[in-house]
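Subject: Structure handover

Hello,

Here is the structure for you to look through. My notes follow below it.

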Amino acid sequence: MDPIADYLTRLRNAIKARHRIVEIPASNLKKEITKVLFEKGYIQSYKFDEEASVQGTIKVALKYNPLTKQSAIVKLTRVSKPGLRKYSGSKELPRVLNGLGIAIVSTSKGVMTDKEARTLNVGGEVLCYVY
């Protein structure tokens, strides 16, 4: 079982079903990915609910265009899987849609986007692509 793939699949399914809010079981890595998605404007808001269960939940409010009703997230793709991890150095970090999308990277300095990792000159595990 891959918790990050489960997180991305829950977001994908909620977007396809046009849900406004999705609840996801929490972990520290999922919380950091949620923060990155919020900072980059892919989700409207989020809330960490610690009392819900032992591990807690993350409530994510999805972002849609008010006129076209299209989601801010067009595609979520898992890159590094448990069976085949993908690591990149700071010079080889991927550019998603020629810089229009983001790659979420888990580095020694925390979870960040590919652009932030390039400026800090750190590499790490490429978790997913978002555009």
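Helices here are DSSP runs of H or I with at least four residues, and strands are runs of E with at least two, numbered from the N terminus. The model is predicted, so local features need pLDDT of at least 70 and side-chain atom pairs pLDDT 80 or more, while totals for chains, interfaces and linings use all residues. Residues are numbered from 1 along each chain as its sequence is written, and side-chain values use heavy atoms, without hydrogens and water.

Start with helix 2. Its twelve residues, 28–39, reach 17 Å from first C-alpha to last. That is close to the expected 16 Å, taken as 1.5 Å times one less than the number of residues. G41 follows helix 2 and has a positive phi, near 85°.

Six names make up the buried list of helix 2: K30, K31, I33, T34, V36 and L37. Buried means under 20% relative accessible area, exposed over 50%, and partly exposed in between (1.4 Å probe, protein chains only).

Now the rings. There are two aromatic pairs. Rings of Phe, Tyr and Trp (its six-membered ring) pair with centres within 6.5 Å; planes under 30 degrees apart are stacked, over 60 edge-to-face, the rest tilted. F38 and Y46 sit edge-to-face, 5.2 Å between centres and 80° between planes. Y46 and F48 are tilted, at 5.1 Å and 45°. Together, F38, Y46 and F48 form a cluster.

F38 counts as partly exposed because its relative accessibility is 35%.

K31 lies over the face of F48, 5.4 Å from the ring centre. The test is NZ of Lys or CZ of Arg within 6 Å of the centre and within 35 degrees of the ring normal.

Best wishes
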